[in-house]
Amino acid sequence: MEVVTEAVKELPLMERSAWKALNTHSKKIGKLHLRDLFATDPERGRRLAVEAAGLYLDYSKNRVTDDTLNLLLQLAEESGLRARIEAMFRGEKINRTEKRAVLHVALRAPQGASIVVEGRNVVPDVHDVLQKMTDFSNRVRSGALTGHTGKPIRNIINIGIGGSDLGPVMAYEALRHYSDRERTFRFVSNVDGTDFAEAVRDLNPAETLFIVSSKTFTTLETMVNAHTAREWSLAGLGGELKSVARHFVAVSTNASEVSKFGIDPKNMFGFWDWVGGRYSMDSAIGLSTMLAIGPDHFRAMLEGFHAIDEHFRTAPLERNLPVLMGLLALWNTNFLGAETVAVLPYDQYLKRFPAYLQQLTMESNGKHVTLHGTEVDYQTGPIYWGEPGTNGQHSFYQLIHQGTRLIPCDFIAFGRPLNQLKHHHDVLIANVCAQAEALAFGKTRAQVAAEGTPDWLVPHRVFEGNRPSNSIFAEQLTPSTLGKLVALYEHSVFTQGAIWDIDSFDQWGVELGKILAKRIIPEIESPVEPMLGHDSSTNTLIRRYRDYRQTA
Ligand code: F6P
């Protein structure tokens with residue numbers, strides 16, 4: 001099916017009337033302080049908040065007025081956001097440069113739904129794979145599936161990188177509370193041998209199952225690690241080739257490469273080219289997640305994703321959480337000059353959530369040309385980063401509070417803790433509330449002086465405030481909540497990319513380094529001094545490494 005949404009936004013972004021109006025408007029807003037915005041509107045904290053599917057978003061601490069929000073919503077309309085959302089859900093090939101549909105939403109569509117790609121309803125296919133994953137997980141978790149020597153599988157190692165790693169690791173950590181504590185889960189991604197060596201050093205090959213996760217099954221790092229895993233496993237199992245079938249499964253779209261590697265395609269869990277790597281944690285790439293938390297929890301996670309998908313598709317833009325988050329990120333980036341977004345989960349289980357979001361957001365929206373290949377003349381994807389609160393408070397928050405840069409923050413917190421220890425959770429939540437309050441309102445020179453601070457110290461103790469933040473609260477971190485949170489960010493990324501008019505679903509920027517690395521490997525490993533044709537810096541670095549290598 002051809003892309004039909006192109007007609008919607010005829011004008012380049014900066015020529016759209018809402019963009020121009022936002023530009024003028026931003027000059028006025030620059031002078032307003034959140035202190036004044038709250039003082040003149042006592043209801044602001046309740047008014048600029050929206051709840052959907054159990055996620056509560058308070059966006060009142062952003063430097064926006066009602067006019068700002070109306071203009072941003074107008075920009076979304078002028079940019080054809082609604083049509084773009086519909087196009088995605090209809091299975092159109094909105095990933096223009098790869099000529100692919102973008103249908104991670106189909107991965108969580110309920111049984112009986114219909115989403116058609118090239119004449120085929122893909123929802124039954126999705127549920128077939130889910131059923132295969134369920135059967136496999138049940139067999140491993142019950143102990144029915146044993147290793148080659150008859151021992152139960154106690155250790156599960158996912159080998160993958162990028163989207164085939166970050167989602168599984170993040171979900172495992174996030175949902176560890178719900179996980180099977182009898183089994184060990186590890187994740188090997190880096191081609192640095194240390195990653196593999198440390199992952200297996202205390203494990204028995206007879207009890208270890210590897211999941212080789214790779215959409216393409218050609219990714220260099222994953223293939224190097226998978227071959228090392230095979231050697232390690234075979235060495236521990238008497239070199240018997242038939243042991244591979246019991247200790248290796250694959251998750252991939254590439255059946256022929258999987259069988260070339262030696263994994264029986266019946267031990268392969270498939271997915272499809274319309275699932276982008278960074279949008280794949282809810283596909284078979286989530287097999288390790290299902291093994292850890294069980295099929296029921298995994299399905300609850302999918303339901304959470306789906307609840308936000310439906311909200312994104314149907315809610316009016318002004319009450320639409322992902323749309324509002326996306327528009328605010330765009331406002332902060334393009335009109336207030338922010339370069340980054342800090343994601344600050346006040347939940348230790350979400351410690352890998354910022355790392356996961358880095359790929360989701362930056363591989364999606366780190367683009368310099370529009371869908372039509374013309375150079376953009378505005379900033380695109382901001383840098384996402386973060387650490388769990390409260391640790392970040394004692395590290396980089398100083399710069400957020402008193403540095404010279406504007407760093408919008410997303411605070412994430414939950415009402416009910418999963419580990420209730422005395423009053424830990426009250427202290428945690430007091431901190432998240434305090435940080436958002438301090439960033440927004442700061443502390444004036446007069447307030448500091450009134451505390452008896454000596455004059456010379458006053459400037460150092462002033463907090464300018466007026467630092468924007470979103471607060472995202474939910475009742476508890478459950479599998480369903482995690483699905484909702486991830487879908488919230490996925491669709492916020494979509495919203496931003498749709499307005500920037502870029503392809504949020506390709507990733508050509510990772511190709512050049514891959515190609516050059518493949519050229520350098522034989523130069524490094526050549527037994528004779530190679531002829532090097534790089535620049536003088538790269539040539540010297542390669543020669544230096546070859547020297548180290550000879551003396552190692
Ligand atoms: O880094 C580029 C990339 O293609 C990501 O988009 C993807 O998630 C990752 O590599 C891994 O790819 P694969 O699952 O094909 O091994």
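1. First, the ground rules. This is a predicted model, in which local features need pLDDT of at least 70 and side-chain atom pairs count only at pLDDT 80 or more, while totals for chains, interfaces and linings use all residues. Residues are numbered from 1 along each chain as its sequence is written, and side-chain values use heavy atoms, with hydrogens and water left out.

2. Let us begin with the sheet. It is open and mixed, built from six strands in the order β1-β2-β13-β12-β10-β11. Strands here are DSSP runs of E with at least two residues, helices are runs of H or I with at least four, and both are numbered from the N terminus; two strands pair if DSSP finds at least two bridges between them. Because β1 (49-52) and β11 (383-385) each have a single partner strand, they stand at the edges with one side left without a neighbour in the sheet. On average, neighbouring strands of this sheet are turned by 15 degrees against each other, direction ignored.

3. Strand β10 (residues 340-345) runs parallel to β11, and three bridges join them. Within this pair, Ala342 stands opposite Trp385 of β11.

4. With a relative accessible area of 17%, Thr340 is buried (buried means under 20%, exposed over 50%, partly exposed in between, with a 1.4 Å probe and protein chains only). Its side chain makes a polar contact of 3.0 Å with that of Trp385. A polar contact is a pair of N or O atoms within 3.5 Å; within protein, one must be able to donate a hydrogen and the other to accept it, and residues adjacent in sequence count only if both atoms are side-chain atoms. Beyond its neighbours within four places in sequence, Thr340 also contacts residues including Pro382, Ile383, Ile407 and Pro408, where contact means heavy atoms within 4.5 Å.

5. Which helix lies across β12? Helix α20 (residues 479-500) does, and it also lies across β2 (55-58), β10, β11 and β13 (469-474). Its direction is at about 160 degrees to β12 (409-414), with axes fitted to C-alpha atoms, for helices over the stretch in contact, and angles running from 0 to 180 degrees between N-to-C directions.

6. Asp180 sits in the loop between α7 (166-174) and β6 (184-188), and is buried at a relative accessible area of 13%. A polar atom of its side chain lies 2.8 Å from the backbone nitrogen of Glu182, and a polar contact of 2.6 Å joins the side chains of Asp180 and Arg183. Leaving out residues up to four places away in sequence, Asp180 touches Arg141, Phe185 and Ala292.

7. On cysteines, the structure holds zero disulfides, a disulfide being a pair of cysteine sulfur atoms within 2.5 Å. For Cys409, the nearest cysteine sulfur is that of Cys433, 14 Å away. Cys409 is buried, at 1% relative accessibility, whereas Cys433 is partly exposed at 39%.

8. Finally, the ligand. Of the 14 residues around it, Ser164, Ser214, Thr216, Thr219 and Glu363 come nearest (near means that a heavy atom of the residue lies within 4 Å). An oxygen atom of the ligand is 2.5 Å from a side-chain N or O atom of Thr219, and a polar side-chain atom of Thr216 lies 2.7 Å from a ligand oxygen. The backbone takes part too: a polar backbone atom of Gly163 is 2.7 Å from an oxygen atom of the ligand.
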